[in-house]
Amino acid sequence: MTNASHVLAAALAKGAAGQRLDRAQALALVAAAGPARLHQLGAAALANRRRRFGDRATYVFNLQVNPTNICSMHCTFCNYAASPQDPHAYVMDEEEIFGQVARLSPTEVHIVGGLNRIWPYRRNLELVRELHRRWPHIHLKCFTAVEIDYFAKSEKTDAAHILAELRDAGMQAMPGGGAEIFSERLWQRHWKNKIGPADWLRIHSLAHEMGITTNATMLFGFGDTWQERIDHLLTLRAAQDRSGGFACFIPLPFQPGKGKFISHGPTPLETLTVLAVSRLVLDNVAHLKSYWPMTGLATAAAGLSWGADDMDGTISEEKIAHLAGAPTPVGLARDRMVDTIRAAGFTPCERDGKFNPCDAPADRAAARDAAGRHAAQGPCAP
Ligand code: SF4
């Protein structure tokens, strides 16, 4: 056995057992490509997720609220954002949002949007406060670190103050968007108008100190290298060692959209590889999400065998991935989510916003099933 194959064998065995990989072992997982390697990674990641969750695969009945797509940040990869004069620009108002929540009665409401003066900080704060007042049982997961930073700068205060006000108004968790990939090289090239890796990590760390759990994401397939992806995972793992506040990790395959700098996103096999490597490296983040609006439903379901344990949610009314050109439906009926998980060989389990199993109340079943009537790249989303 060569030294390289010895390192790989050790990495796969340790990863399958949920033990910590060092950097050399993490890099060994991706040192060679091809179907044989994919299956080795998949077997190890499946063993790891089975040790944690058995055959359970979770989803949440959620509503994604994207109040407006007007944004001034001009990230190169974003097909969601619009200028006010663009034909696809839209702005929701509070009554429209309250109407969606009342109609669907979701378990979780997830709020993210563009950065602008139409929906400034105070308006977003009051939205959170009123949602919590009307529906105190709904889990409110709101605003990426990018939005928190924008709010703090526009209010001439600091992120801790903004987070404290939002938490006191009813915000319980933050999504993981806006991390993109922890690469100074790519930050300068693609999203230099908004915060980079250090500030994204600083804001999430602050949130964790204040009792706000968060997700984390990684955008991949837009010119990033495997080394950068491994460094992203290791940086996140170190941050989790310090704070313990990341509930879930979500790899996001790049959506090329129309007229962008890359004509195609990652293949399904590359997406499965990233999922498996994420499961094996992130030994201290409990949940790994297969985010179907960006992977496609079939790849997301396959991802359950490559380490993922969660399929996100029904995401009624979601706009971001779909304005970015994602070819998936706008929302999924609960029955279709359940059938998809079963067909992939796993046991579906509806969960709440904190990843606890929950029963679907009977009086919400009709709204849940109707939610699948509908489902863009603004990686700010998950
Ligand atoms: S990715 Fe987010 S911050 Fe960047 S342009 Fe799109 S909506 Fe704005």
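This briefing describes the secondary structure, strand pairing, helix packing and selected loop residues of one protein model. The model is predicted. Its secondary structure consists of 16 helices and ten strands. Of the 382 residues in the protein, 52% are buried.

**The open sheet S9-S1-S10**

- An open sheet is built from three strands, arranged in the order S9-S1-S10 with parallel pairing.
- Strand S1, which covers residues 56-60, runs parallel to S9 and is joined to S9 by two bridges.
- Thr58 has Asp310 in S9 as its bridge partner.
- Helix H15, formed by residues 334-343, packs on the sheet and touches S1, S9 and S10. The direction of H15 makes about 140 degrees with that of S10.

**The parallel pair S6 and S7**

- Strand S6 (residues 213-220) pairs with S7 in the parallel sense, and seven bridges connect the two strands.
- Phe220 stands opposite Pro253, a residue of S7.
- In strand S7 (residues 246-253), eight of the eight residues are buried, so the strand is largely enclosed by the rest of the structure.

**Packing of H11 against H3**

- Helix H3 spans residues 35-53, and its axis comes within 9 Å of the axis of H11, crossing at roughly 45 degrees.
- The two helices, H3 and H11, are therefore oblique to each other.
- The crossing of H3 with H11 is left-handed.
- On the H3 side, the contact is made by Leu38, Leu41, Gly42, Ala44, Ala45, Asn48 and Arg49. On the H11 side, these residues meet Leu269, Leu272, Thr273, Ala276, Val277, Arg279 and Leu280.
- The contact of H3 with H11 comprises nine nonpolar, three polar and two charged residues.

**Packing of H11 against H10**

- Helix H10 (residues 226-243) and helix H11 (residues 268-281) have axes that come within 10 Å and cross at roughly 35 degrees.
- H10 and H11 cross in a right-handed manner.
- Arg229, Leu233, Leu234 and Arg237 are the H10 residues in this contact, and they meet Val274, Ser278 and Val281 of H11.
- By class, the residues of the contact of H10 with H11 are four nonpolar, one polar and two charged.

**Loop residues with positive phi**

- Lys156 is not a glycine, yet it has a positive phi of about 55 degrees.
- The loop that holds Lys156 lies between helix H6 (145-154) and helix H7 (159-169).
- Lys156 has 6 other C-beta atoms within 10 Å and is exposed, because a residue with 12 or fewer falls in that class.
- Phe355, likewise not a glycine, has a positive phi of about 70 degrees.
- Phe355 is placed in the loop between S10 and helix H16 (362-370).
- Phe355 counts as partly exposed, with 17 C-beta neighbours inside 10 Å.

Definitions and conventions
Residues are numbered from 1 along each chain as its sequence is written. This is a predicted model: local features need pLDDT of at least 70, side-chain atom pairs count only at pLDDT 80 or more; totals for chains, interfaces and linings use all residues. Two strands pair if DSSP finds at least two bridges between them. Helices (H or I, at least four residues) and strands (E, at least two) are DSSP runs, numbered from the N terminus. Two residues are in contact if their C-beta atoms, placed from the backbone, lie within 7 Å. Axes are lines fitted to C-alpha atoms, for helices over the stretch in contact, and angles run from 0 to 180 degrees between N-to-C directions. A crossing is left-handed if the near helix is turned anticlockwise from the far one by less than a right angle, and right-handed if clockwise. Ala, Val, Leu, Ile, Met, Phe, Trp, Tyr, Cys and Pro count as nonpolar, Asp, Glu, Lys and Arg as charged, and the others, Gly among them, as polar. Angles under 35 degrees count as roughly parallel, over 145 as roughly antiparallel, 65 to 115 as roughly perpendicular and the rest as oblique. A residue is buried if 20 or more other C-beta atoms lie within 10 Å of its own, exposed if 12 or fewer, and partly exposed in between; C-beta atoms are placed from the backbone.
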